[in-house]
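Where is there empty space in this protein, and how do aromatic rings and a buried side chain fit into the rest of the fold? Please look over the sequence and the model before reading on.

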Amino acid sequence: MKYYSLQHNSPNVDFKTATILGQAPDKGLYFPDEIPQWSKEFIESIQSLPIEEMAYRVMAPYVGDTIPESVLRKIVSETLSFDIPLVRVTEDIYSLELFHGPTLAFKDVGARFMSRCLGYFAREQKEQVVVLVATSGDTGGAVAHGFYDVPGVEVVILYPSGKVSPVQEKQLTTLGKNIHALEVQGNFDDCQRMVKTAFADDYLTQRIFLTSANSINVARWLPQQLYYLLAWKQWPFKNQKPVISVPSGNFGNICAGLIASRSGLPVEHFIAACNVNDVVPRFLQGEEYSPRRALATLSNAMDVGDPSNFTRILELFDQSLTDLTKILSSVSITDSETEETILRIFKETGYLLDPHGAIGYLALEEYLREHPGKKGFFLETAHPVKFPESVERITGYKIPVPEHVKPIMMAEKKATFIHGDYESLKKYLENF
Ligand SMILES: *Cc1c(COP(=O)(O)O)cnc(C)c1O
């Protein structure tokens, strides 16, 4: 399989090059030149197939001959080495819990797959690879844990001082070894700008092999399909296709789901559930596509004003809005609706939603009300303990920290404090 740039101005590349480059030289996103078609037998066998075997068969065509079979089998089994249960919340609504990984958010899946692929490719590289990433919270932790102890790869994470939650900060700063946290005196935009400047600095990039662990990377994006198959494996109503509601920000997650359904996975309908950052909901309702500055909300991982992956969704549907809206709709949900939903569902069912999952839940509930007789699930993309300041305030319930996270919370923070300007980052990297 080859990957082409959506800007159509760069050569086609294999999986290895797409993973190392992240973005095509013409700044386009890479897109697979064919979508594998799964046989009916494969779909039916998902229920009985071991998870590793299923995952291997899904990922193998995308990876092609860039990674040997035995290595890829190991990578997919390590990617999915934690539970991803489909949990009943009401008669018609299930929750796909994607928060049982090391950093309590779905980004663990993509980050673990990508880090292991890059780790494999880095072994063929003479110089060490430096992964440089800016985070507003969830990405950094997932990337740090994904790359922890991967030989040949050093990871430098920039995060805004005082602007990530306590759990998120610990996930970034306590690992040590090849993971280096830079606590930046500035905000997320400063971190992002510093990273972008570093990638554009020829002096630096000629001396250090720099790469990003951005969410647009095909090695982070494509393995997200796997948990839609795991949901189907557990879906109790095999004669009824599920409606799937996905809390969306950059639209990578839902785009992976749409690819899986194009390959043959049974899906009744997709809902892209957004907060008030509503570029896509407006567009699908017939308005202009008009990106804008992101507004801050309770579901901060979805505060995206210009979703990068939406161009991939348009490509998948040959730019046809008519075809796209047959399978995908999108709604926008406010912070007060999010709060009401967290409280109501906790009271009625005892199920504790995080602000992102709450948006997925409410969007699904509304859809099912308008389409009686259907059933579905939403993606619970993060553990509520990652957002204690909102979830505990709303419900009055003190969320217990999961066992496997306790050691991280006790560990000592190690971070290098730097100013929020590029020169400070450059000096740090030069002495690396
Ligand atoms: C990143 C993130 C999202 C948004 O996912 P996209 O793939 O960017 O649409 C939703 N919820 C949580 C908790 C996240 O960390």
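The model is predicted. Rolling a probe the size of a water molecule over the atoms shows where empty space is left. A search of the whole structure for cavities of 30 Å³ or more returns one. The volume of this largest cavity is about 30 Å³. Its lining is made up of Ser248, Gly249, Phe251, Cys274, Asn277, Val279, Met302, Val304 and Pro307.

Tyr120 leads on to the aromatic rings. Together with Tyr3, Phe15 and Phe121, Tyr120 belongs to a cluster linked by ring pairs. The count of aromatic pairs comes to 20. For Tyr94 and Phe237, the ring centres are 5.9 Å apart and the planes stand at 80 degrees; edge-to-face pairs are those with planes over 60 degrees apart, so this pair is edge-to-face. Tyr94 is part of strand S4 (residues 93-97), while Phe237 is in the loop between helix H11 (226-234) and strand S9 (243-247), so the pair ties together parts that are 143 residues apart in sequence. Tyr94 has 9% relative accessibility and therefore counts as buried, the cut-off being under 20%.

Charged side chains also meet rings. Arg73 has its charged end over the ring of Tyr56, 4.0 Å from the ring centre. In the case of Lys238, the charged end sits over the ring of Trp232, at 5.1 Å from the centre.

The last stop is Gln225, in the loop between helix H10 (218-221) and H11. Is Gln225 buried or exposed? Its relative accessibility is 0%, so Gln225 counts as buried. Leaving aside residues up to four places away in sequence, Gln225 touches Trp38, Val58, Tyr62, Ala256, Ile259 and Ala260.

How values were computed
Residues are numbered from 1 along each chain as its sequence is written. This is a predicted model: local features need pLDDT of at least 70, side-chain atom pairs count only at pLDDT 80 or more; totals for chains, interfaces and linings use all residues. Side-chain values use heavy atoms; hydrogens and water are left out. Rings of Phe, Tyr and Trp (its six-membered ring) pair if their centres lie within 6.5 Å; planes under 30 degrees apart count as stacked, over 60 as edge-to-face and the rest as tilted. Helices (H or I, at least four residues) and strands (E, at least two) are DSSP runs, numbered from the N terminus. Buried means under 20% relative accessible area, exposed over 50%, partly exposed in between (1.4 Å probe, protein chains only). A charge sits over a ring if NZ of Lys or CZ of Arg is within 6 Å of the ring centre and within 35 degrees of the ring normal. On a 1 Å grid over the protein atoms alone, a cavity is a set of points where a 1.4 Å probe fits but cannot get out, and a pocket is an open set with protein on both sides within 12 Å along at least five of seven lines; lining residues have an atom within 4 Å of a point. Grid points are joined across faces, edges and corners, and a volume is the space filled by probe spheres set on the points. Contact means heavy atoms within 4.5 Å.
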